[in-house]
Amino acid sequence: MRYLALALLLGWLACTDSGPSYDYPRDDQLRFNQLQGRGTHNSYHIEPPNNDVDEWRYSHEPLDVQLSAGVRQFELDLNVNVQDDRFEVYHFIRADDQTTCLLFTDCLRTLKRWSDHNRGHHPMVIMLELKDNYDPGYEDHFFELFESELGSVWPRDRLITPGMIQGDHASLGEAVAGDGWPTLGELRGRALFFLLADADHITHYTHDNTSLRDRLAFIDSSVDSPFAAVGKVDDPIGGADQIARSLDANMVIRTRVDTVGTSGPTIDQARLDAALDSGAQFLSSDDKTMAIPGGTPSRCNPVTAPTDCVSTDIENPEFIE
């Protein structure tokens, strides 16, 4: 009987293993927008067979493999399968639909399992591009399904949500600009999701452009929006002023550093240099050689972080498996 009890205890410990313990002495000082990390575009993507489209000439490792390699920002394209009542992740049906995780919930579980085992990671960010239009009358179910799938894998206490950030402020943008983001200590082991969608989707998700307080995800927004918190500026050179204004309002910004040639997406050094210097928090690339200089894997933001910050204050590889 004692051996059975011991076996059950060991099994329970194995199932609840949260990876290495961690201690970040500056976690009550440094904030989420004071880091700079690496991202990937169409993070699920596998190059289709017999491909002749330059833009599709790349393949990514599974999401957890990318996380272990230092990626902390992802992009997933969401397509609703009305027949099976679920969201699926791929680029274009039939033409470019190879993926490391077809079901949205499978992608979420891959991210969550890694996070469960590495709770010392700084917040990860996942941009969700909604590819489908919905028929009139389907809007409520569309977003009920989306929130149900997201919440079934990532509970609120492991997410950074709009309501958590807005607090008692009149708007999300007012809260971010005025109070800034919580500290890294408050947000470690969490994920932030934000939607990239057309105006109709956004209007419905924000309750006719009034509130995100009850929602699980943020929206792609600009500095003048009442929802200004997270946004994307694809061109770090042409969008330099936009990035600067966004950082002044304490927003978290994702940008891209690639150009597309005959061999597929590759790092454009001028864009990379501009992105690094801009202070955009997440730099997205489909090139596996992309790395944040001095990052462990991320670094202190060159624009928003205090000068005495060091990269291991943001994330220490000793606390990650």
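Modeller: The structure holds 14 aromatic pairs. Rings of Phe, Tyr and Trp (its six-membered ring) pair if their centres lie within 6.5 Å; planes under 30 degrees apart count as stacked, over 60 as edge-to-face and the rest as tilted. In the case of Trp-56 and Phe-92, the ring centres are 6.0 Å apart and the planes stand at 45°, so this pair is tilted. The pair links distant parts of the chain, 36 residues apart: Trp-56 belongs to the loop between strand 1 (35-39) and helix 2 (63-68), and Phe-92 to the loop between strand 3 and helix 3 (104-117).

Before we proceed, please note that this is a predicted model, in which local features need pLDDT of at least 70 and side-chain atom pairs count only at pLDDT 80 or more, while totals for chains, interfaces and linings use all residues. Residues are numbered from 1 along each chain as its sequence is written, and side-chain values use heavy atoms, with hydrogens and water left out.

Biologist: How are the helices and strands defined, and what does "buried" mean?

Modeller: Helices (H or I, at least four residues) and strands (E, at least two) are DSSP runs, numbered from the N terminus. Buried means under 20% relative accessible area, exposed over 50%, and partly exposed in between (1.4 Å probe, protein chains only). Trp-56, at 15% relative accessibility, counts as buried, whereas Phe-92 is partly exposed with a relative accessible area of 40%.

Biologist: What kind of aromatic pair do Phe-87 and Phe-146 form?

Modeller: Phe-87 and Phe-146 form an edge-to-face pair, with 6.4 Å from centre to centre and 85° between the planes. This pair too links distant parts of the chain, since Phe-87 lies in strand 3 and Phe-146 in helix 4 (residues 139-153), 59 residues apart. Phe-87 counts as buried at 1% relative accessibility, and Phe-146 counts as buried at 1% as well. Both rings belong to one aromatic cluster, formed by Phe-87, Phe-104, Tyr-138, Phe-142, Phe-143, Phe-146 and Tyr-205.

Biologist: Which charged residue sits over the ring of Tyr-24?

Modeller: A charge sits over a ring if NZ of Lys or CZ of Arg is within 6 Å of the ring centre and within 35 degrees of the ring normal. Here the charged end of Arg-188 sits over the ring of Tyr-24, 3.4 Å from its centre.

Biologist: Let us turn to the strands. How do strand 2 and strand 3 pair?

Modeller: Two strands pair if DSSP finds at least two bridges between them. Strand 2 (residues 71-81) and strand 3 (residues 86-89) pair in the antiparallel sense over 4 bridges. In strand 3, Val-89 is the bridge partner of Leu-78. The two strands form a hairpin with 4 residues between them, and Asp-85 in the turn has a positive phi of about 55°.

Biologist: Is strand 4 largely enclosed or exposed, and why?

Modeller: Strand 4 (residues 124-130) has 6 of its 7 residues buried, so it is largely enclosed by the rest of the structure. Strand 4 runs parallel to strand 2, to which 6 bridges join it, and Val-125 in strand 4 is the bridge partner of Gln-73. Another 6 bridges join strand 4 to strand 5 (residues 191-196), also in parallel. There, Leu-128 has Leu-195 of strand 5 as its bridge partner.

Biologist: Which residues of helix 10 are buried?

Modeller: In helix 10 (residues 269-278), the buried residues are Arg-271, Leu-272, Ala-275, Leu-276 and Ser-278. They cover an arc of only 165° around the axis (taken from the directions from the helix axis to the C-beta atoms), which puts them on the same side of helix 10. Just after helix 10, Gly-279 takes a positive phi of about 90°.

Biologist: How many disulfides does the structure have?

Modeller: A disulfide is a covalent bond between the sulfur atoms of two cysteines. The criterion is a pair of cysteine sulfur atoms within 2.5 Å, and a search of the whole structure finds 2 disulfides. One joins Cys-101 to Cys-107, with S to S 2.1 Å; with 100° about the S-S bond, this link is right-handed. Cys-101 is buried, with a relative accessible area of 7%, and Cys-107 counts as buried at 0%. A disulfide also joins Cys-300 to Cys-309, with S to S 2.0 Å; at -75° about the S-S bond, the link of Cys-300 and Cys-309 is left-handed. Both Cys-300 and Cys-309 are buried.
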